[in-house]
Every structure is written in structure tokens, then in C-alpha cells.
Amino acid sequence: MTQPIALITGASRGIGAATAQLLAQRGYDLAINYQHNAAAANEVVAAAHSHGVRAVAIQADVSQESDVVHLFKRIDDELGTITALVNNAGIVQPQTRVEWITEDRLDLMYRTNVNSAFLCCREAVTRMATDKGGQGGAIVNVSSAASRLGAPNEYVDYAASKAAVDALTKGLSLEVAAQGIRVNAVRPGLIETEIHASGGEPDRVARMAPAIPMQRGGTAEEVAQSIAWLLSDEASYITGSFIDAAGGR
Ligand code: NAP
């Protein structure tokens with residue numbers, strides 16, 4: 001059986017780090033991508049090593065094509081050909097209304113949340129596709145409930161970026177279904193991570209919890225379970241699908 005090798009983008013913290021922990025428990029070798037926080041990435045690597053798998057931390061700004069190309073080259077050289085990709089890296093920016101949006105903000109948002117996923121998918125497909133000599137594989141894109149809800153008065157630009165990720169998921173899944181590659185997405189709701197502080201409201205989950213049918217935010221570990229399942233052989237007939245991990249929201 002092929003040794004599973006996964007790249008998780010943005011795996012130094014939050015949902016990416018929790019996914020790394022779970023995939024290491026399940027025997028995946030791991031490429032732990034991060035942008036700035038080497039110390040956090042190295043902790044994730046050390047935790048993975050404790051499960052007896054190979055893991056390397058690789059700095060790359062996945063919003064930049066040259067960094068993505070370099071990231072995949074390092075994985076080829078240091079781990080081998082990936083069998084799984086989790087497009088998890090993503091940002092929000094300070095809460096705003098559309099009437100105050102700027103071009104610079106949009107450029108950063110779409111480079112980071114959309115271009116990164118396209119570029120990483122491109123690199124993964126060229127390696128996984130069975131008609132190009134690959135072994136097949138699975139891709140999970142981390143979208144957001146915002147793609148369904150629109151995030152008014154906060155992050156409409158972010159919601160639109162995640163709608164683009166949903167379209168990528170559906171379109172690519174159909175392009176590569178006959179090449180041994182499954183492409184799915186998880187759409188988390190309000191999850192307890194540091195992303196809310198970067199949007200200017202660290203306590204956002206607590207504020208919004210009463211509006212969630214389950215009356216609480218989710219954990220990164222709960223989202224990781226859905227990601228790991230979609231990557232696994234248990235989901236072998238699932239492609240172009242979405243799991244809403246959002247407490248009923
Ligand atoms: P987080 O705690 O803020 O962590 C973000 C991670 O992404 C970090 O590892 C960060 O690396 C990395 N990153 C950011 N920009 C990057 C770039 N250009 N290149 C490479 N890595 C980059 O975020 P999170 O809450 O876990 O979110 C993870 C994903 O889930 C995102 O796509 C987000 O949109 C989605 N999501 C989150 C929620 C939620 O409520 N938390 C809800 C729905 C969807 P450094 O540590 O180096 O900075």
C-alpha cells in the first residue's frame with residue numbers, strides 16, 4: 001500500500017495544526033506549511049514525530065506562485081510524492097462593510113484564500129493524476145459557512161473568496177474524477193481559533209454562540225475529523241461534496 005503523504009497549508013496553528021495532529025495519529029507523513037510562525041510549526045512537527053511519522057515544517061507564502069512551486073519541490077525531495085492535500089491556509093482582515101472595501105484588501109484576500117488553493121491544486125494534480133503516472137490522491141479544501149451566509153457587515157470579501165473555493169472544489173472534482181483524484185471541501189462555522197483576533201474580535205465566537213443552533217462554537221479538532229475522513233478510503237466514493245461543520249448554522 002502507498003505510504004500516505006499529506007501537505008497541509010497553514011498547519012502551524014488552528015484547524016491546520018489540529019488536522020496535522022490527527023493525520024499523524026493515522027500514519028500520514030506530513031508537510032507542515034506555515035507563513036511566519038516557525039516556532040508553532042516546529043511544535044506541530046515534534047508532535048507528529050511522537051506518532052512515529054515523518055514530518056517537516058516548510059515556510060512558504062502560498063499566496064505567491066514561486067513559493068508554492070518551491071514548497072512542492074521540497075516535498076518531492078524530502079518526503080516523496082504527496083497523496084493528500086489540505087488547502088487550509090486562509091485569512092480574514094478587520095471587519096468592514098463593502099462600501100469601505102479597498103483594492104489592496106481584495107488583492108490580499110483573493111491571493112491568499114483563492115489563488116493559493118488553485119496553485120496548490122495545480123501542483124498536486126500534476127503529481128497525483130493516474131494518466132500522468134501518478135498514484136491518485138485526495139484533496140480537501142477548507143472553505144467556510146460564510147460562502148453560504150455572506151458574512152454581512154464583517155467579511156463579505158472573505159465570504160466571496162470561500163464561494164470561489166466552493167466553485168474550485170466542484171469544478172476540479174469533475175475535471176479529475178477519472179484521474180484517480182477526489183476533491184471535496186469542509187465548510188466550518190464558528191471555530192475557536194486565533195483567526196477571529198486577526199479580524200479584530202478575539203471573542204467573536206462567544207458573541208455569536210447564542211445564534212448557533214448547537215449554542216456553541218466548534219473546535220479545530222472537530223473540523224479536523226471531517227477533513228481526515230474526506231481524505232480517507234472511507235470516503236472513496238465521495239467527490240465534489242461539502243461537509244458543513246457548523247453546529248447547524
Ligand atoms: P488561524 O488560526 O488564523 O491559522 C491560520 C494558519 O494559516 C496559520 O498556520 C498561518 O501561518 C497560515 N497562513 C496564513 N496565511 C498564509 C499564507 N499566505 N501562506 C501560508 N500559510 C498561511 O486560522 P484557522 O481559524 O485555523 O483557519 C484555517 C482555515 O479555516 C482558513 O482557511 C479559514 O478561512 C477557515 N475557517 C475558519 C473558521 C474559524 O472560525 N476559525 C471558520 C470557517 C473557515 P502562521 O502561523 O505562520 O501565521
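A crossing is left-handed if the near helix is turned anticlockwise from the far one by less than a right angle, and right-handed if clockwise. In this predicted model, α4 passes α6 in a right-handed crossing. Local features of the prediction need pLDDT of at least 70 and side-chain atom pairs count only at pLDDT 80 or more, while totals for chains, interfaces and linings use all residues. Residues are numbered from 1 along each chain as its sequence is written, and side-chain values use heavy atoms, with hydrogens and water left out. Helices are DSSP runs (H or I, at least four residues), numbered from the N terminus.

**Helices α4 and α6**
- Helix α4 (residues 103-128) packs against helix α6 (residues 156-176) at an angle of about 15°, their axes being 9 Å apart; axes are lines fitted to C-alpha atoms over the stretch in contact, and angles run from 0 to 180 degrees between N-to-C directions.
- The two helices, α4 and α6, are therefore roughly parallel to each other (angles under 35 degrees).
- The contact (heavy atoms within 4.5 Å) involves residues including Met109, Tyr110 and Phe118 of α4 and Tyr158, Leu168 and Leu172 of α6.
- By class, the contact of α4 with α6 has 15 nonpolar, two polar and three charged residues; Ala, Val, Leu, Ile, Met, Phe, Trp, Tyr, Cys and Pro count as nonpolar, Asp, Glu, Lys and Arg as charged, and the others, Gly among them, as polar.

**Helices α3 and α4**
- Helix α3 (residues 65-78) and α4 pack at about 35°, with axes 9 Å apart, and α3 passes α4 in a right-handed crossing.
- Glu65, Val68, Val69, Phe72, Lys73 and Asp76 of α3 make the contact with Leu119, Cys120, Arg122, Glu123, Ala124 and Arg127 of α4.
- These residues of the α3 and α4 contact divide into six nonpolar, no polar and six charged.

**Helices α1 and α9**
- Between helix α1 (residues 14-25) and helix α9 (residues 220-231) the packing angle is about 55°, with axes 8 Å apart, and their crossing is right-handed.
- Among the residues that meet are Ile15, Ala18 and Leu22 in α1 and Val223, Ile227 and Leu231 in α9.
- The contact of α1 with α9 has 10 nonpolar, three polar and one charged residues.

**Ligand surroundings**
- The ligand is surrounded by 32 residues, of which the closest are Ser12, His36, Asn88, Tyr158 and Thr193 (a heavy atom within 4 Å).
- An oxygen atom of the ligand is 2.9 Å from a polar backbone atom of Gln35, and a backbone N or O atom of His36 lies 2.6 Å from an oxygen atom of the ligand.
- A nitrogen atom of the ligand has a polar side-chain atom of Asp61 2.9 Å away.

Terms used
Angles under 35 degrees count as roughly parallel, over 145 as roughly antiparallel, 65 to 115 as roughly perpendicular and the rest as oblique. A polar contact is a pair of N or O atoms within 3.5 Å; within protein, one must be able to donate a hydrogen and the other to accept it, and residues adjacent in sequence count only if both atoms are side-chain atoms.
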